[in-house]
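Let's walk through this one together, starting from the overall layout and working down to a single residue. Keep the picture open as you read.

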Amino acid sequence: MSLVENTKTLKFAIFIMSFLLIVMLFVFIFVIPGIKEYKTKKAEYISLQKNKLSLEEQKKELEKKLSFLKKENVDAIKSFSNDFNQSEFLLFSKKFFENIKLTHIKNQKTENGLEIYKFTADFNAKTPIRFYNFIDGLKNLKSVVKINFPIKLTSEEKSIKLVFNMSVYRLKHKSK
Amino acid sequence: MRSFIKPRKKKLFDDMTTMWLAFIVLVSIALMVFGGVIYYKSSFYIKMIDSLKENNAKKTYIVNHLKDNISLIQMQASLDKDVKETNRILKQSMKNLFDLIPDQITLTKVVMQKKSLLLCGYTNSIDSYTLLLEPPLKSIFTKSIVKFSQDGKGHTLFESFNTMDVLKDQNVSR
């Protein structure tokens, strides 16, 4: 082999080597990290997109459920949002009892925004039937009123003295 | 000495080398462009991811708000139902109590607690109480204590204290 041919082969080998080296360098510096980042970002994008769709679906379902619940419990929601009108309550009680006296004991607040007003009612009734009718009538009141124990009934000359506790519920923050 | 031919311009690289160098440069540029395109695409996704994240955070907030509202309404609905039911049961238990009292017995005082009942009144004879009132009371309550006394007008006064233990109460409520 001549010297010229030898030099050519050597040159060829050097070029091939340097070509491979440069290509590998570029591949390792630009292409592989780029592809890696591209893949992770794409995966993140797809998962976020899925998340978005599921959230949209959830939102739709919840909105549907909320409007259904609002429609179904419109009276209950109204009763909880109303302020307790003591004079109105006394007026209502007068239909059933005499010597009406309502004493406010305390207010209680719960974690979920409920305010409970506690009262002691001191009423006189002619018959216990009046008390039954009073309990039935509570359903139609604008507020949520619960009769609590203890209930004391004492017979007096012409009537029955009734002393019982009651709780009135009100929701502090209204649902939008 | 003088030569008759013009000297050839000597190239910096021979043809083979130029070709190789051009090839290498071209391939490098192609790889860089490829890398650039990938980075550009990634940056496009990054932008989209940012806006999606913001969007999803807003939607999560709305969803949580809706959930809160739903649980609030459910709480109101169940409490309202519970209050109505408690009042109804209370009325019914009072009715039942007064239905238990026979004509021979007159009540003067009733104290109803959640798990106990105090009855005070008078009757013509102890037998009226023990025969007519005591059995139903014993069937409802687990413990029934009664004290009798005379009032001087020929009436027998009684004071009956009845309690219900938790186990029995649970069985009754079932």
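Domain bounds here come from an automatic or database domain assignment. On that basis, chain A is divided into domain 1 (1-72) and domain 2 (83-171), and 71 Å separate the centres of the two, taken over C-alpha atoms. Chain B is divided too, into domain 1 (14-100) and domain 2 (102-173), with 63 Å between the domain centres, again over C-alpha atoms.

A word on ground rules: this is a predicted model, in which local features need pLDDT of at least 70 and side-chain atom pairs count only at pLDDT 80 or more, while totals for chains, interfaces and linings use all residues. Residues are numbered from 1 along each chain as its sequence is written, and chains are lettered from A and ligands numbered from 1 in the order in which they are written.

Chain A has four helices and four strands (DSSP runs numbered from the N terminus, with helices being H or I of at least four residues and strands being E of at least two). In sequence order they read α-α-α-β-β-α-β-β. The radius of gyration of chain A, taken over C-alpha atoms, is 40 Å, well over the 16 Å that the globule rule gives for 176 residues, so chain A is more spread out than a compact globule. That rule is 2.2 Å times the number of residues to the power 0.38. The C-alpha trace of chain A spans about 140 × 30 × 20 Å along its principal axes.

How much of chain A is buried? Of its 176 residues, 15% count as buried, where buried means 20 or more other C-beta atoms within 10 Å of the residue's own, exposed means 12 or fewer, partly exposed is in between, and C-beta atoms are placed from the backbone. Strand E1 (residues 98-109) of chain A has zero buried residues out of 12, so it lies largely in the open. E1(A) pairs with strand E2 (residues 114-125) of chain A in the antiparallel sense over nine bridges; pairing requires that DSSP finds at least two bridges between the strands.

Now look at where the chains meet. The contact takes 58 residues from chain A and 54 residues from chain B, counting two residues as in contact if their C-beta atoms, placed from the backbone, lie within 7 Å. H1(A) gives the most to the chain A side, with 32 residues. Strands join in as well: four bridges link E3(A) to strand E1 (residues 105-112) of chain B, running antiparallel, and Ile151(A) has Met112(B) as its bridge partner in E1(B).

Helix H1 (residues 15-100) of chain B is worth a check. At 1.5 Å a residue, its 86 residues should span 128 Å, and its end C-alpha atoms are 122 Å apart, which agrees; the expected span is 1.5 Å times one less than the number of residues. Buried residues in H1(B) include Tyr45(B), Leu72(B) and Val83(B). Their cover includes H1, H2, H4, E3 and E4 of chain A.

Finally, Asn162(B) sits in strand E4 (residues 156-163) of chain B. Asn162(B) counts as buried because it has 20 C-beta neighbours inside 10 Å. Beyond its neighbours within four places in sequence, its contacts include Leu117(B) and Phe141(B).
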